[in-house]
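I wanted to go through the charged contacts first, then a pocket and a surface patch.

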Amino acid sequence: VNRKPHPKKETTDLAFESKLKINGNALHVELDGEIVILGLETEQYYGLTDVGARIWALMQENSTLGEMHQTLLDEYDVPPGVLWQDMLSVISELVEARLIALD
Amino acid sequence: LNDFQKLAPADSMQVLLECLSVDEAAGDPSVLAGACPPVWRSVVEIAERHRIVPLLYEQLSARRQVEGLPPEIAQDLQRQSRSAILDNLAILANAGLLLKDLSRVGIAVLPLKGILLAGKVYPKLGIRGMGDVDLLIPRTQLSEAVEWLRANGFVPRYPFTIEQECLTMHHLPPLYGPRGMVLELHWTLVPPSAPFSIDVESIWQKAGAGDLLGASCRIMSAEDLLLHLCLHATYLEYLSSGLRPFCDLAWVLKAYRETIDWSGLVETSTRWGVRRSAWLALNLAERLLRAPVPEGVIRGLMTADTEPEMIDWTAQQLLNPSSSGGKLAAVFAPNAPRQRVWLFSTQIFPPPHEMRPAYPDLARSALWPLAYLKHLGVVLRRNWRSAWSLLTGDAQARADAEQRQRINRLVEWQEAGQ
């Protein structure tokens, strides 16, 4: 399996009510606070740290994007709009990499 | 094996075992607190030889003890662990894809050992390493599975026929697949020549439907898994795999402790003829790693001819392996001259099923006598130093050979039924 970065792509059809599910073809492991994900389809490794790692953990709890947003607002000192854009940015990369999909 | 055969300072091994224990609450914190940097360096080196660095790092991290390590040792451990986990993740990813494909084409699969333990038993994916992927396939589907694998890019280590291999081996030759995958298809758990009565049919019947690495497959019952691991730990690899098989046992015991049917396990071990292996392996897992084994079970597995020293012999071989080869030690054991000649000749002229995997190119061709000639060279090259040391009465060589002879005796004892 190769270890290459993956191009970024925005996803626009996400809403507060949206739920995401982790693709069955993605293996992940937590390494010293970083979530390392291996996509079985793309054969590439991805690393999520800090907020990205937290988003991944919240996805495993089956939270909606709105719930995720609220949880992260409680945990981080960040304006709501900035957080939403950051979330979309991370999520769009994960969707593009076929590691997650809209539920 | 040669790398593994180095002496380990006793205190380093004590620290390592304390780190690997699956019952932290029963541990002695002073063992770790008193370890100095050279001891920690030695602990990491021993863990490398036993192929358990990621597990060591995970245990230290989970107990927040990494912070107490000398920084350069903590960094080295973290780097080695991360690298191994990423490599293992890749093996598991490819194994997951293969499991899905085999399920799709209707081939029944029961994952064995590494892949199952890594995916289901250990606390984190990837901390249990594996060199290959071992799968149990019904004997009746072996041909179909091999055909599918060949059509999908898998190449055997040497040409074979299933019928011939199954006469002598419990698995087919390794199949090398795409992306560096090494696959071993088993049809039973031990070679047909081993004097055990493994009931493969009942293994399949007891296995439940499950999910591993995102694929649907059958999952071996905890009891059968434990017995298979016991055989691996104390019999199949002649105690040459170090602590890892015992870590496997300890984690299975910890993971399934609430659901293990102990009376069923004892009954199956008796039926299979593997009670001695089960007693030895479970006893050591409990003593070395504080694996949760009910005391009554260990007592119940004991046979009348069990000797208390056997545990010490096994522990000594695990923690401080003999550098003597098993066959060489057998030749130099106190035997009748005729027996020695027979043992020597079996070492020089092993049966064809042992020659085929070792010399795949020669053993199958018209030049097969050359394989024996090559084997003679290999045996002489590997053993002449030890043989010379033994012949000249070297005390260390003699002690090593005697230790190995005790292991040979343990293997024979396990083969002796109930």
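Predicted model: local features only at pLDDT ≥ 70, side-chain atom pairs only at ≥ 80, totals over all residues.

I started with a network of salt bridges that links A:Glu30, B:Glu58 and B:Lys124.

I picked out the one between the side chains of B:Arg179 and A:Glu43, at 2.9 Å from N to O. B:Arg179 sits in the loop between β4 and β5 of chain B and A:Glu43 in the loop between β3 and β4 of chain A, so this pair joins two chains. I have B:Arg179 down as partly exposed, because its relative accessibility is 43%.

Then I looked at two pairs within helices. B:Arg104 and B:Asp101 meet in a salt bridge at 3.0 Å, and both lie in helix α5 of chain B, three residues apart. B:Arg104 is exposed at 59%, whereas B:Asp101 is partly exposed at 26%. B:Glu267 pairs with B:Arg271, also with 3.0 Å between the closest N and O atoms. These two are four residues apart in helix α12 of chain B, which means about one helical turn between them.

On to the second largest pocket, which holds about 210 Å³ of space. It has 14 lining residues, and among the closest to its centre are B:Arg382 and B:Arg385. I noted that α20(B) gives the largest share of the lining, seven residues. By type, I get five nonpolar, five polar and four charged.

Last, I checked a nonpolar surface patch of about 450 Å², made by B:Leu367, B:Leu370, B:Leu373, B:Leu376 and B:Leu380. B:Leu376 lies in helix α20 of chain B and is partly exposed at 31% relative accessibility.

Technical notes
Residues numbered from 1 in each chain as written. Chains lettered and ligands numbered in written order. Heavy atoms only, no water. Patch = residues over 30% accessible without salt bridge, like charges linked within 9 Å, V, L, I, M, F, W, Y side chains within 5 Å. Areas by Shrake-Rupley, 256 points an atom, 1.4 Å probe, with all protein chains shown as cover. Salt bridge = Lys/Arg side-chain N within 4 Å of Asp/Glu carboxyl O. Buried < 20%, exposed > 50% of the residue type's maximum accessible area, 1.4 Å probe, protein only. 1 Å grid on protein atoms, 1.4 Å probe; cavity = no way out; pocket = protein on both sides within 12 Å on 5 of 7 lines; lining within 4 Å. Points joined across faces, edges and corners; volume = space filled by probe spheres on them. Nonpolar A, V, L, I, M, F, W, Y, C, P; charged D, E, K, R; others polar.
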